[in-house]
Amino acid sequence: RGKTAPEAANDIINNRLPKLKELKRSGEIHVNNIDVFCEKGVFDLESTRRILQAGKDIGLQINFHGDELHPMKSAELGAELGARAISHLEEVSDEGITAMARAKRAAVLLPTTAYMLRLKQPQARKMLEEGVIVVLGSDFNPNAYCFSMPMVMHLACVNMKMSMNEALAAATINAAYALGKSDTHGSIETGKQGDLVIINASRWEHLIYQFGGHDALIDYVIVKGKVVYQNERCGTMSSH
């Protein structure tokens with residue numbers, strides 16, 4: 001409030017990031033990523049570049065919002081700076097998609113946002129065909145008030161023409177990659193954290209195919225190998 005984008009960028013770079021670095025060093029705060037909303041009327045490309053580079057210089061992963069409402073060349077910038085991930089990308093350029101694919105940057109696509117704000121759908125198929133690591137997220141916030149990742153995956157398949165296998169990978173192992181955690185999270189493998197969802201269905205695809213009512217579909221949620229949620233109707237473990 002009360003600052004231009006360059007003034008706000010200067011404040012972040014000269015005051016806030018040094019303070020954050022100090023708090024990280026002392027162990028008072030734990031943070032891994034730096035985000036900037038690169039958009040018209042918010043942070044322009046040059047301000048975004050300066051902030052992200054300053055964050056990278058203190059050891060933060062770059063994981064930022066770009067190319068949502070206007071084409072800003074955010075994808076190209078993310079590829080250049082070595083961003084872990086860029087979110088939104090409804091207005092990404094063809095050159096940006098190619099740059100992200102070459103640099104192995106993750107594209108975090110948010111079907112709820114495109115749906116609720118009536119935006120152009122992200123080019124999921126083009127990204128997948130060019131080899132971009134496609135991720136799905138809920139974008140949970142006041143204008144996309146959705147807790148449900150099964151609903152996110154459903155929208156991705158219907159509106160962005162992803163297959164169910166692609167949607168599952170995008171919501172699990174690729175999402176872990178976008179956070180720099182794919183070595184320990186995101187898939188059922190020996191040595192990885194035991195985070196599982198057990199569903200009451202004959203095939204896993206029902207998690208996506210079913211339109212709503214997922215509280216009845218999900219029997220158990222397991223985190224770090226321990227059951228943290230059990231559906232009330234599950235007195236004993238049934239066959240799944």
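This is a predicted model: local features need pLDDT of at least 70, side-chain atom pairs count only at pLDDT 80 or more; totals for chains, interfaces and linings use all residues.
**Isoleucine 29**

I started with the exposure of isoleucine 29: it is partly exposed, with a relative accessible area of 32%. I found isoleucine 29 in the loop that links H1 to S1. Leaving out residues up to four places away in sequence, I noted that isoleucine 29 touches Leu20, Leu23 and Lys24.

Next I looked at H2, which covers residues 45-57 and has 13 residues. From first C-alpha to last I read 18 Å, close to the 18 Å expected at 1.5 Å a residue. Which residues of H2 are buried? My list is Ser47, Thr48, Ile51, Leu52, Ala54 and Gly55. Looking down the axis of H2, I saw these buried residues fall within an arc of 160°, so they line one face of the helix.

I then asked what the buried residues of H2 pack against. The partners are helix H1 (5-26), strands S1 (33-34), S2 (37-38) and S3 (61-66), and helix H3 (74-81). Just after H2, I noted glycine 59 with a positive phi of about 95°.

For the helix pair, I kept in mind that two packed helices are described by the angle between their axes and the distance between the axes. The axes of H1 and H2 come within 9 Å and cross at roughly 5°. That makes H1 roughly parallel to H2, since angles under 35 degrees count as such. On the H1 side, the contact is made by Ala5, Pro6, Ala9, Asn10, Ile12, Ile13 and Leu17. On the H2 side, I listed Ser47, Arg50, Ile51, Ala54 and Gly55.

**Helix H3**

I moved on to H3, one of the partners of H2's buried residues. Seven of the eight residues of H3 are buried, so the rest of the structure largely encloses this helix. I wrote them down as Ser74, Ala75, Glu76, Leu77, Gly78, Ala79 and Leu81. They pack against S2, H2, S3, strand S4 (85-88) and H4. Just after H3 comes glycine 82, where I read a positive phi of about 80°.

**Glycine 96**

Is glycine 96 buried or exposed? It is buried, with a relative accessible area of 0%. Setting aside neighbours within four places in sequence, glycine 96 is in contact with Ala75 and Glu76, and both of these are among the buried residues of H3. I also checked proline 71: it is 25 residues from glycine 96 in sequence and 9.8 Å away in space, C-alpha to C-alpha.

**Threonine 113 and histidine 88**

I found threonine 113 in helix H5 (residues 111-116), and it is buried at a relative accessible area of 0%. What does threonine 113 touch? Not counting residues up to four places away in sequence, I listed Glu68, His88, Glu90, Arg118, Leu119, Asp139 and Ala144.

I followed up on histidine 88, which sits in strand S4. At 2% relative accessibility, histidine 88 counts as buried. Its phi is near 90°, a positive value in a residue other than glycine.

**The sheet S7-S8-S9**

My last stop was an open sheet of three strands in the order S7-S8-S9, with antiparallel pairing. The edge strands are S7 (196-199) and S9 (226-230), each pairing on one side only. I noted a twist that averages 25° from one strand to the next.

S7 pairs with S8 (residues 218-223) over four bridges, and S8 pairs with S9 over four bridges too. I used tyrosine 220 of S8 as a landmark: isoleucine 198 stands opposite it, and its bridge partner in S9 is glutamine 230.

S8 and S9 form a hairpin with two residues between them. In that turn I found lysine 224, with a positive phi of about 55°, in a residue other than glycine. At 61% relative accessibility, lysine 224 counts as exposed.

How values were computed
Residues are numbered from 1 along each chain as its sequence is written. Side-chain values use heavy atoms; hydrogens and water are left out. The expected span of a helix is 1.5 Å times one less than its number of residues. Buried means under 20% relative accessible area, exposed over 50%, partly exposed in between (1.4 Å probe, protein chains only). The arc is that of the directions from the helix axis to the C-beta atoms. Contact means heavy atoms within 4.5 Å. Two strands pair if DSSP finds at least two bridges between them. Axes are lines fitted to C-alpha atoms, for helices over the stretch in contact, and angles run from 0 to 180 degrees between N-to-C directions. Angles under 35 degrees count as roughly parallel, over 145 as roughly antiparallel, 65 to 115 as roughly perpendicular and the rest as oblique.
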